[in-house]
Amino acid sequence: MMMMMGETWSQLGSLIATAMFLWAMFDKYFPHHLRSLILSHTKKLTSFVYPYIQIKFPEFTGEYLKRSEAYAAIETYLSSKSSSEAKNLKAVVVKDSSQPVQLSMDENEEVTDEFEGMKVWWGVKKIPRRTQSFSFYPEMEEKRYYKLTFHKSHRETLCGKYINHVLQEGKAITVRNRQRKLCINNPSQNWGGYRSTKWSHVTFEHPASFDTLAMDSKKKEEIINDLIKFSEGKEYYAKIGKAWKRGYLLYGPPGTGKSSMIAAMANYLNYDIYDLELTTVKDNTELRRLLIETTSKSIIVIEDIDCSLDLTGQRKKKKEQEKDEEKKDPASKMAKGEEESSSKVTLSGLLNFIDGLWSACGGERIIVFTTNYVEKLDPALIRRGRMDKHIEMSYCGFESFKVLAKNYLDVDSHELFATIDRLLEESDMTPADVAENLMPKSQNEDAETCLKKLIEAIKTAKEEATKKVEEEARLKVEKEEKEKQEATQEDVKVDESLAKDVKENGVDVVKDDKTLGKEVKENGVTA
Ligand SMILES: Nc1ncnc2c1ncn2[C@@H]1O[C@H](COP(=O)(O)OP(=O)(O)OP(=O)(O)O)[C@@H](O)[C@H]1O
Ligand SMILES: [Mg+2]
């Protein structure tokens, strides 16, 4: 047995030696052009025997070993196919997804796919680890790749169209399954340290939609179209040379659905929401850094912009006024000290945030401001181009009421609707008020009870409003009369003091003359 092994080894040795000798001769004496001819024929021969093309998609790429986007997309794309075909599956936990576990095929499994009648094979392979050394990141060292195999006659279509299709579809599935986030900025003192983030997030699960939103249907349609145009406008924005973002200004009285509208927009477009609390942002640099950390496909919201900061253009005037006050009363400065150091975000900082160079990072962002007092805002802040679309959320009209009645009571029409229509026209009820009255408060409250309740509420509100207007008018008249009275009293006072002044001044003049005379005299003496 040992003898036979030895013989085989020696035979193999001589065979290798012969092969090397032949290769050396071939390399040295064979003419160059003949050699390339032979090589090309060998290639043809192998491709005839094995007419398939293989493409590898490694998991980690680049200098910093970033997880390849293509790999992740392929994994997602194949997860639906492999779960029905492959026998050995692996469950992968996916972050921020509505499907927390994704099944993907295990190593050495193979699944087939078809594209325009062409068949392809996908397999996943592990790259063997070179070092056996201990590692802090064992999972980082286990590198895998997807291998795509197909017949060479389909090369053109599959290399281009099919791979693109897989990547796009994979990404689309990720987006579809993605759990949306509601983020809020952390105060900057918490930014340092290990694994710090500038934004904290929770899962965004607001049920608002455009169907449940009560507003003018034409206006609603317009907003939806605007959103669709924006979200599909990547090429268009690139063509016109504009950053891919859009600003909305939502204004109207409290309880008219501004916040609900933002939630509906996010739900409609499947975007994340970044709720930016400006009062905790220290300065413009921080603002910029926060913006860079936002991802695309997101809505950046600044609620109650008029209250968040004094951005109303009267900033400077007010500051000067404050300074004057401080001079008079140093104690007030001490009290304001804390408040002043809390935020130094300026109007220009905010404008740069909205439409400066930084806003273009990443693209596909919607910026929404809400305010109750649009007239208080600086025109520079809300000019078109910054806030491209101004949306007024107004008091509840009949059309809005019908949406709410459908949502809350499931009624499309009722004999009381006419009364409500007339009453709503004469009063200022917010959709929030109407909704609150429409909501049944117990099991035995039916639609009619709720509608009657609403009618009563509108009547009360109307009466209160009339009373308020009368009261205000009365107060105004009273104030004016008081002012008039004060003015006349002041006049009398002025007259009296004037008379007194004249009298006193008369004496003064005499006195002055006297002193003058004395001075002259004295001066004369001294001179
Ligand atoms: N247009 C509307 N359609 C449907 N529901 C509405 C509408 N407006 C208000 N509501 C109801 O009233 C509640 C308050 O509305 P929302 O918070 O959106 O008001 P807002 O305009 O943001 O008010 P604020 O200015 O005080 O922030 C919501 O929970 C919603 O149920
Ligand atoms: Mg709100």
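I began with the salt bridges, and I found that the structure, which is a predicted model, holds 19 of them.

I then looked up Glu426 and Lys462, whose side chains meet in a salt bridge with an N to O distance of 2.6 Å. I noted that this pair links distant parts of the chain, since Glu426 lies in helix α16 (residues 417-426) and Lys462 in helix α18 (residues 447-526), 36 residues apart.

Next I turned to pairs inside helix α18. Lys452 and Glu448 meet through their side chains in a salt bridge of 3.2 Å, N to O, and I noted that they are separated by about one helical turn because they are 4 residues apart in helix α18. For Lys452 I recorded 44% relative accessibility, so that residue counts as partly exposed, and for Glu448 a relative accessible area of 31%, which also makes it partly exposed.

As a reminder to myself, an α-helix has 3.6 residues a turn, so residues three or four places apart point the same way. Glu478 is partly exposed at a relative accessible area of 42%, and Arg474 is partly exposed at 42% relative accessibility. I also wrote down that Glu59, Glu107, Lys126 and Arg144 are joined into one network by salt bridges that share partners.

I went on to the surface, where Trp9, Leu12, Leu15, Ile16 and Met20 form a nonpolar patch with about 580 Å² of accessible area together. I looked up Ile16 in particular: Ile16 sits in helix α1 (residues 2-29), and it counts as partly exposed because its relative accessibility is 46%.

Last, I asked which residues of helix α13 (residues 347-355) are buried. I found Leu347, Gly349, Leu350, Leu351, Phe353 and Ile354 to be buried there. I then traced what these buried residues pack against, and I listed the strands β11 (245-251), β13 (298-302) and β14 (365-371), together with the helices α9 (284-292), α10 (305-308) and α14 (379-382).

Key. Residues numbered from 1 in each chain as written. Chains lettered and ligands numbered in written order. Predicted model: local features only at pLDDT ≥ 70, side-chain atom pairs only at ≥ 80, totals over all residues. Heavy atoms only, no water. Buried < 20%, exposed > 50% of the residue type's maximum accessible area, 1.4 Å probe, protein only. Helix = DSSP H or I, 4+ residues; strand = E, 2+ residues; numbered from the N terminus. Contact = heavy atoms within 4.5 Å. Patch = residues over 30% accessible without salt bridge, like charges linked within 9 Å, V, L, I, M, F, W, Y side chains within 5 Å. Areas by Shrake-Rupley, 256 points an atom, 1.4 Å probe, with all protein chains shown as cover. Salt bridge = Lys/Arg side-chain N within 4 Å of Asp/Glu carboxyl O.
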